[in-house]
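This briefing covers a sheet, the helices beside it, a pair of aromatic rings and the confidence of the model. Please look at the sequence and the structure first.

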Amino acid sequence: MRSLFLKIFLWFWLGMILANVALFFAFAAMRPTPSNRPWRDLSLMGSTAQKAAETYDREGQAALASYLKGFEQNNGIDSILLSDQRAELSGHAVPAGWLELADRAAKSGIAQYNVSSSALVVAQQVTTPQGHHYVYVSRLPRTPSSFNFRALSLRMIVVSLIGGLLCYGLARYLTTPIRQLRETTHEFAGGNLAARVSSKLVKRRDEIAQLGRDFNLMAERLQSMVAAQHRLLGDISHELRSPLARMSVALELARKRAGPEAKTALDRIEHESENLNEMIGHLLRLTRLESGTDGLKRTDVDLARLVREVADDADFEARSRQRSVQVVDCDECSTKGTEELLRSAVENVVRNAVRYTAEGTQVEIALRLHNDGDNSAVISVRDHGEGVPDDVIEKIFHPFYRTEDARDRESGGSGLGLAITSRAVRLHGGSVKAANATSGGLEVTISLPASQNGS
């Protein structure tokens with residue numbers, strides 16, 4: 001029941017079914033019991049009563065008895081004719097209660113009725129052309145009809161099916177644009193800043209269409225702002241490359257002309273120049289990744305080989321700092337992607353770990369293949385440093401973010417390596433996260449879609 005479509009469909013359909021059930025039973029309970037006889041039986045009473053009285057006046061009791069008997073045989077209606085003294089004139093026995101009904105009809109001058117479950121008894125006064133007054137009493141049988149639950153059930157099924165189709169259409173009409181809007185927001189959040197709500201949706205004349213138009217407006221502004229930011233970073237980075245190149249040339253000339261006493265200062269200038277050049281390179285790479293213009297082809301990448309090579313290179317550098325890098329576990333697996341980007345992503349994490357792990361400790365790298373339906377390769381890099389405060393641990397993948405102690409700045413880091421890792425991994429359909437290890441240090445985990453080598 002987490003689907004809005006299913007909730008709308010089921011609740012509308014259930015409400016319609018309950019309403020129909022209530023209406024059917026209310027109608028069945030409140031409707032009068034049908035007589036199964038046409039209403040013409042009552043309309044016949046006036047003419048029949050007049051004809052019976054006139055027959056008695058003209059031809060006497062025998063003719064009246066014959067007429068009433070024939071009427072009963074033809075219509076199934078039992079009847080008698082009473083004089084103004086309430087004497088029965090046809091020789092028919094008077095059923096109980098009929099005389100009282102006849103008295104009421106004679107006194108009121110209008111027809112009187114006595115309704116029971118089996119019959120409707122009608123008494124009405126009749127006056128012949130000779131001026132004689134009579135009371136005609138007849139009994140109309142009422143045969144109660146049984147309640148046809150089968151027919152009722154069939155009607156309810158038909159109504160429910162038709163209502164179900166209407167509710168399905170209504171639920172689909174209401175939820176389809178919401179689903180489309182959700183898909184667009186997911187696409188936008190996944191990095192496709194060009195994602196927009198379809199024109200068909202925004203042409204609707206309701207609140208959902210207004211929401212779609214508002215989303216498109218927001219997306220246009222965000223895309224414009226991000227594009228402007230990327231252009232600015234790219235332009236600045238390119239513009240800085242030329243002065244740096246000239247500074248390197250000038251530095252070499254200065255080394256030739258300066259004496260030994262200037263060597264320390266010139267070495268420092270060269271070191272800072274290299275750091276700046278590295279940061280500009282990272283910035284350009286990040287800009288290309290964010291804009292999707294890296295333009296590199298995707299091939300099958302052997303992750304086991306890549307991890308071992310990165311570990312060997314990092315271990316060589318770490319030895320000079322009294323640290324080491326070791327691969328503790330390495331499953332044979334591969335992924336589809338750009339090897340240069342993946343190598344840069346893993347290398348940034350490993351070098352960051354080497355930078356912060358305590359002296360005399362080792363950085364532990366593991367590559368494990370998880371066969372849990374969707375095969376994934378998990379690369380974990382764990383150092384033995386001081387870790388990162390829990391409240392800012394997710395921010396270390398943001399460009400230029402530094403923790404409060406500014407260790408990146410002190411160690412010469414640019415603050416862009418982990419941001420490049422995050423973007424490169426997401427471009428390959430993976431994820432990256434960091435967590436403080438229970439025994440100290442930071443562990444960064446990279447997950448990528450993968451398959452076992454040879455499969």
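Five strands make up an open sheet with mixed pairing, in the order E6-E8-E9-E11-E10; two strands pair if DSSP finds at least two bridges between them. Helices (H or I, at least four residues) and strands (E, at least two) are DSSP runs numbered from the N terminus. The model is predicted: local features need pLDDT of at least 70 and side-chain atom pairs count only at pLDDT 80 or more, while totals for chains, interfaces and linings use all residues. Residues are numbered from 1 along each chain as its sequence is written, and side-chain values use heavy atoms, with hydrogens and water left out.

- Strand E9 (residues 376-382) and strand E11 (residues 442-449) run antiparallel and are joined by seven bridges.
- Valine 381 has valine 444 in E11 as its bridge partner.

**Helices on the sheet**
- Helix H9 (residues 303-319) packs on the sheet and touches E6, strand E8 (362-370), E9 and E11, where contact means heavy atoms within 4.5 Å.
- The direction of H9 makes about 160° with that of E6; axes are lines fitted to C-alpha atoms, for helices over the stretch in contact, and angles run from 0 to 180 degrees between N-to-C directions.
- H12 also packs on the sheet, touching E10 and E11, and its direction makes about 25° with that of E11.

**Helix against helix**
- Helix H10 (residues 339-356) packs with helix H12 (residues 417-427) at an angle of about 145°, and their axes are 8 Å apart.
- Residues making this contact include Leu341 and Val349 of H10 and Ile420 and Val425 of H12.

**Aromatic pairs**
- There are two aromatic pairs in the structure; rings of Phe, Tyr and Trp (its six-membered ring) pair if their centres lie within 6.5 Å, and planes under 30 degrees apart count as stacked, over 60 as edge-to-face and the rest as tilted.
- The ring centres of tyrosine 56 and tyrosine 134 are 5.8 Å apart and the planes are at 80°, so this pair is edge-to-face.

**Confidence**
- The protein chain has an average pLDDT of 81, and 84% of the residues score at least 70; pLDDT is the predictor's confidence in each residue, from 0 to 100.
- Over residues 32-36 the pLDDT stays under 50, and over residues 406-410 it is below 50.
- Where pLDDT is low, the predicted coordinates should not be read in detail.
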